[in-house]
Amino acid sequence: MSSVRPWRDIQRRQSRQIMVGSVPVGGDAPITVQTMTNTPTEDVAATIDQIRRCEDAGADIVRVSCPTAEATEHFDKITKAANVPIVADIHFHYKRALEAADKGAACLRINPGNIGSSERVAEVVRAAKANGCAIRIGVNAGSLEKDLLEKYGEPCPEALIESALDHIKLLQDHDFHEYKVAVKASDVFLAVAAYHGLADAVDCPLHLGITEAGGLVGGTVKSSIGIGSLLWAGIGDTIRVSLSAEPEQEVKVGYEILKSLGLRTRGVRVVSCPSCSRQGFDVIRTVETLEKRLEHIKTPMSLSVLGCVVNGPGEARETDIGITGGGNGKHMVYLSGVTDHHVKSEDMLDHIVSLVEAKAAQIEAGEALAFDPHAEAAE
């Protein structure tokens with residue numbers, strides 16, 4: 001059956017599917033959103049509290065660093081408390097991987113070539129198999145092997161891909177196939193090229209990220225360009241947006257990237273104008289307030305907030321609920337794309353929140369559907 005809007009179609013790369021705890025990654029599974037805690041793992045209460053906030057923001061998987069024996073000592077308390085699969089981030093010391101696997105990790109993030117001899121890799125694989133753990137191979141341009149840097153002269157797509165293939169072989173030599181791979185770099189061009197090359201070379205799920213992307217604004221832009229372009233090309237099965245910001249922000253940005261491409265829907269998708277002197281109300285402050293007050297809504301739906309009647313009616317016709325700025329402090333409200341009633345400036349915020357909450361409740365109860373202006377054409 002042909003698509004009604006073929007210019008929006010994304011053909012996902014076919015990959016093997018693996019399980020990270022109860023969450024499928026790859027194949028036809030939804031693209032998952034990950035983040036990583038930044039609390040000291042030894043502080044179990046603080047780590048669990050941060051995981052809970054990430055869960056509330058929509059994280060499908062959360063990664064926790066395990067650099068020391070103290071970090072893994074009470075790791076089982078963290079994995080038992082979490083409602084999402086926990087990935088144990090391991091560097092160099094293979095014993096931390098063994099401990100994390102025994103204490104409930106759903107996945108181990110390692111580079112097999114960094115943890116020592118083939119015997120140690122075999123031990124980690126045995127622990128992973130015994131505990132039902134997946135493994136994520138994490139290649140990073142900032143920590144490439146010395147021999148590859150000498151061979152290629154600098155981090156380049158070929159070096160990242162070769163590193164990944166070397167690590168994959170170590171796992172395959174031990175008959176382990178429940179793995180996913182990342183080839184991250186802070187340089188968008190390098191990362192994107194490496195992922196394209198790796199996508200052609202392997203059939204495993206790919207974990208996308210632009211590492212060390214920067215702060216909330218700059219990192220969001222870089223990640224959106226890099227991760228977004230790969231997803232648009234059909235590449236990627238799980239994503240982590242790396243920001244110098246709280247992990248909940250990483251989750252929110254990750255979802256916004258997926259929502260923009262029509263790959264995941266969660267919560268309220270806001271369509272709003274940049275504002276100008278024609279605006280009938282303070283669009284910027286209104287959108288800021290509405291986004292905060294509607295964070296609790298998990299139901300997929302759409303809201304348009306436009307300051308005037310130039311583009312307002314057209315955008316409102318495409319959304320579940322719309323508000324368009326009018327004159328004399330009275331603004332037009334649209335429901336399911338149709339003009340419905342007016343609201344005064346002083347009542348607008350509370351009114352819009354109540355409309356969104358009511359529509360979300362109706363959708364969740366099966367009494368209504370999210371508005372699709374193209375539904376009739378699709379039939």
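**Close-up views of a predicted model**

**View 1. Arg-12, Arg-13 and Asp-237 join up in a network of salt bridges.** A salt bridge here is a side-chain nitrogen of Lys or Arg within 4 Å of a carboxyl oxygen of Asp or Glu, and the structure holds 18 of them. This is a predicted model, in which local features need pLDDT of at least 70 and side-chain atom pairs count only at pLDDT 80 or more, while totals for chains, interfaces and linings use all residues. Residues are numbered from 1 along each chain as its sequence is written, and side-chain values use heavy atoms, leaving out hydrogens and water.

**View 2. Asp-60 meets Arg-264 in a salt bridge (3.3 Å, N to O).** These partners sit 204 residues apart and link distant parts of the chain. Both Asp-60 and Arg-264 are buried (under 20% relative accessible area, with exposed meaning over 50% and partly exposed in between; 1.4 Å probe, protein chains only).

**View 3. Asp-320 and Lys-359 form another salt bridge, with their closest N and O atoms 2.9 Å apart.** Here Lys-359 belongs to helix α13 (residues 345–364), 39 residues away from Asp-320. Helices (H or I, at least four residues) and strands (E, at least two) are DSSP runs, numbered from the N terminus. Asp-320 is buried at 2% relative accessibility, and Lys-359 is buried at 9%.

**View 4. Take a look at helix α9 (residues 216–232), where Val-217 is found.** Val-217 counts as exposed, because its relative accessibility is 65%. Elsewhere in α9, the buried residues include Gly-219, Ile-227 and Leu-231.
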